[in-house]
Amino acid sequence: MRLPPLQALRAFDAAARHLNFTRAAEELFVTQGAISQQIRQLEEYLGFRLFFRLPRRLQLTDEGDRLARATSEGFTRIAGEIESLLAVEEAGVVTVSVLQSFAVKWLIPRLGHFRNEHPDIDVRIHADDRLVDFRTEGIDLAVRFGRGHYPNLYTELLMRDEVFPVCSPDYLASSPPLCVPKDIAGHRLLHDATSDANQPRAADWQFWLDGVGVTGIDLRRGLRFNSGDMVIQAALMGQGVGVARTSLAAQDLKVGLLVRPFPQKVASSYAYYVTCPEENLNRPRVTAFIRWLKKEVAVTLKDIEENQPAIAAGSPNHL
């Protein structure tokens, strides 16, 4: 025999527990008439009565009493299993694909915060600059730097980026003054030579100089690296002045290991995006990680704003 419709069984279960169609309707957010109709259709389907409709109350028939015990046990067991499954889904492992530079300079220093908030969720970092195949490589979500065009995937803006020069406090104190942008002439420059046709000059000196309107600077000399985190590491070691992105320099600026000699910053045409297959958003551990990412980004942007240097006095054009 086929089972009756689930909606009718839910209506019967509620009515049997309350022995009142009105209260059953309130529990299920439907009308009293809808409950009455569901019960009548269920009785017709089964071929026997489930309730005695007395003047001021309902009473279960013998058949109704047996079915009420069965539905109560069944729905309770289903609810328990769902709760157990959700608990497993909320815990477990979340695998995140990110650019190596972002992992080293932004994500890893903050992962302890996530661990404190979600001790039951383990994080696996998959550092790779290429676009991954979520399904075949077991990736839950990715953080990507680009324009946000990731077809057939859920995509949400995480953080816009800006670029600006940075150096170590020791370098700033021991080198010729850096008061306005044109003062970089003659300084040791650190270059991000990332060669990606999809993001040309994402954070190089020419990009920043064009943005602040400075010309005539010889950019042929200096150290060149193929990763933004290496530019920052060289700056930390006092090897020169580099152009950094908000996301990669925030932590070192906050603790004073890096300083910004100029207040001028240029908005990048690229930004960080969270992306994943739509169905992955049904996993509580994935949505928990995304919520945490957005909260940490808000803190990062606040820190950057607080560490922004003032415009140099007596420099009307700041160039």
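At roughly what angle do the axes of helix α10 and helix α11 cross, and within what distance do they come? The views below are of a predicted model, in which local features need pLDDT of at least 70, side-chain atom pairs count only at pLDDT 80 or more, and totals for chains, interfaces and linings use all residues. Residues are numbered from 1 along each chain as its sequence is written, and side-chain values use heavy atoms, with hydrogens and water left out.

**View 1. The crossing of α10 and α11.** The axes of α10 (residues 246-254) and α11 (residues 284-306) cross at roughly 65 degrees and come within 9 Å. Axes are lines fitted to C-alpha atoms, for helices over the stretch in contact, and angles run from 0 to 180 degrees between N-to-C directions. Helices (H or I, at least four residues) and strands (E, at least two) are DSSP runs, numbered from the N terminus. The crossing is left-handed, a term used if the near helix is turned anticlockwise from the far one by less than a right angle. Thr-246, Ala-250, Leu-253 and Lys-254 of α10 make the contact with Thr-300, Leu-301, Asp-303 and Ile-304 of α11; contact means heavy atoms within 4.5 Å. By class, this contact has four nonpolar, two polar and two charged residues. Ala, Val, Leu, Ile, Met, Phe, Trp, Tyr, Cys and Pro count as nonpolar, Asp, Glu, Lys and Arg as charged, and the others, Gly among them, as polar.

View 2. Helix α1 (residues 6-18) has 13 residues and should span 18 Å at 1.5 Å a residue, which agrees with the 19 Å between its end C-alpha atoms. The expected span is 1.5 Å times one less than the number of residues. Buried residues of α1 include Leu-9, Phe-12 and Asp-13; buried means under 20% relative accessible area, exposed over 50%, and partly exposed in between (1.4 Å probe, protein chains only). Leu-19 is in the loop between α1 and α2 (21-28). Leu-19 is not a glycine, yet its phi is positive, about 50 degrees. Most residues other than glycine have a negative phi. Leu-19 counts as partly exposed because its relative accessibility is 37%.

**View 3. Phe-29 in a loop.** Phe-29 lies between α2 and α3 (32-46). Phe-29 also has a positive phi, about 60 degrees, although it is not a glycine. With 76% relative accessibility, Phe-29 counts as exposed.

**View 4. Ser-97 in strand β3.** Ser-97 is placed in β3 (residues 92-98). Its relative accessibility is 0%, so Ser-97 counts as buried. Leaving aside neighbours within four places in sequence, Ser-97 is in contact with residues including His-126, Asp-128 and Arg-144. From Ser-97 to Thr-215 there are 118 residues in sequence and 38 Å in space, C-alpha to C-alpha.

**View 5. Helix α9 and its surroundings.** Among the buried residues of α9 (residues 228-236) are Val-231, Ile-232 and Ala-234. The buried residues of α9 pack against elements including α5 (100-117), β6 (154-166) and α10. Just after α9, Gly-238 has a positive phi of about 75 degrees.

**View 6. Asp-204 in a loop.** Asp-204 lies between β7 and α8 (205-212). Asp-204 counts as buried because its relative accessibility is 15%. Not counting residues up to four places away in sequence, Asp-204 touches Asp-192 and Val-243.
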